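User: I am new to reading protein models, and I would like to learn how to describe one feature at a time. Could you take me through this one slowly?

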Amino acid sequence: SVNLLLVYGNSDQIYGFSCYGIILGSMFQAYKSGHEFGNLALRVAEKFHNKAEITKAANIVANYTLPFREHLKNASEINKKCLEAGRESGEFQHISYSLIFNALNSFYLGKNLSFILNEIIPRNILLCKQAKSSLGIDSISALRIVLLSMSSSVEDKMELEVIRDYEEKFLIEWKKNNNYFTVFIYKTLKICNCFIQENYSEAYT
């Protein structure tokens, strides 16, 4: 795809540049070049005013190439651009991916847990439902479960027990549906939580 674009020139279908950017970073650790290809795809999509391609390119830049080259806070505006273009174009698949990372980034950037639980997560899950994205719903729900556990009082054993049962139920369902992307997110967040609570032995298990 990239070779064809280089030989015959750009068109408004430039998703190949975005994917090549991911490959450069994830497989060859060429993060600078990968991010440049991601940004190139976004600029070309904007030049052609192709909303669907803007949605895809913005998602790739914000969530797959930018985190290796810039501060994570810079992804917020690009994810917003992804959402706006996706609504206009109907490119719901990449909207849902963007919504997942938007919710996760709010946690990684240290936003108030109550704000994430009561504002960001309900809004993003609703949008994923509108996009009919089970992956988006499940992945953001994984974040919600971990944050509920983090925000619960250690003394409230009954509440913690309910949350653990809730976690186990969803974990079984995700594995049954081969939704290992969500399982990965859930386990990564659990490890973060263990380290925050200085529970290192559980983190390593």
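User: Where does Ser96 lie, and does Ser96 count as buried or exposed?

Analyst: Ser96 lies in helix 6, where helices (H or I, at least four residues) are DSSP runs, numbered from the N terminus. Buried means under 20% relative accessible area, exposed over 50% and partly exposed in between, with a 1.4 Å probe and protein chains only. Ser96 has 2% relative accessibility and therefore counts as buried. Please keep in mind that this is a predicted model, in which local features need pLDDT of at least 70 and side-chain atom pairs count only at pLDDT 80 or more, while totals for chains, interfaces and linings use all residues. Residues are numbered from 1 along each chain as its sequence is written, and side-chain values use heavy atoms, with hydrogens and water left out.

User: Which residues does Ser96 touch, not counting residues up to four places away in sequence?

Analyst: Contact means heavy atoms within 4.5 Å, and with sequence neighbours up to four places away set aside, Ser96 touches Cys128 and Ser133. A polar contact is a pair of N or O atoms within 3.5 Å; within protein, one must be able to donate a hydrogen and the other to accept it, and residues adjacent in sequence count only if both atoms are side-chain atoms. The side chains of Ser96 and Ser133 make such a polar contact, at 3.2 Å.

User: What span does helix 6 reach, and how many of its residues are buried?

Analyst: The expected span of a helix is 1.5 Å times one less than its number of residues. Helix 6 has 17 residues and reaches 24 Å from its first C-alpha to its last, close to the 24 Å expected. Twelve of the 17 residues of helix 6 are buried, so that this helix is mostly covered, and among these buried residues are His94, Ile95, Phe101 and Leu104. The elements that cover them include helix 2, helix 4, helix 5, helix 7, helix 8 (134–151) and helix 10 (180–196).

User: At what angle do helix 6 and helix 7 pack?

Analyst: For such an angle, axes are lines fitted to C-alpha atoms, for helices over the stretch in contact, and angles run from 0 to 180 degrees between N-to-C directions. Helix 6 (residues 92–108) and helix 7 (residues 113–130) pack at about 175 degrees, with their axes 10 Å apart. Angles under 35 degrees count as roughly parallel, over 145 as roughly antiparallel, 65 to 115 as roughly perpendicular and the rest as oblique. Helix 6 and helix 7 are therefore roughly antiparallel to each other. In their contact, Ser96, Leu99, Asn102, Ala103, Ser106 and Phe107 of helix 6 meet residues of helix 7 including Ile116, Ile120 and Arg123.

User: How far apart are the axes of helix 2 and helix 3?

Analyst: The axes of helix 2 and helix 3 are 7 Å apart, and the two helices pack at an angle of about 170 degrees. Helix 2 and helix 3 are therefore roughly antiparallel to each other. Their contact is made by residues including Phe17, Gly21 and Gly25 of helix 2 and Gly34, Phe37 and Gly38 of helix 3, and its residues divide into seven nonpolar, six polar and no charged.

User: Which residue caps the N-terminal end of helix 4?

Analyst: Asn50 caps that end of helix 4, with a side-chain oxygen 3.2 Å from the backbone nitrogen of Ala52. Ala52 is found in helix 4 and has a relative accessible area of 23%, so Ala52 is partly exposed. Ala52 and Ala85 are 33 residues apart in sequence and 6.7 Å apart in space, C-alpha to C-alpha.

User: Which residue other than glycine has a positive phi near 60 degrees?

Analyst: Most residues other than glycine have a negative phi. Lys132 has a positive phi, near 60 degrees, and its place is in the loop between helix 7 and helix 8. At 76% relative accessibility, Lys132 counts as exposed. Asn178 has a positive phi of about 55 degrees, although Asn178 is not a glycine, and lies in the loop between helix 9 (157–176) and helix 10.

How values were computed:
Ala, Val, Leu, Ile, Met, Phe, Trp, Tyr, Cys and Pro count as nonpolar, Asp, Glu, Lys and Arg as charged, and the others, Gly among them, as polar.
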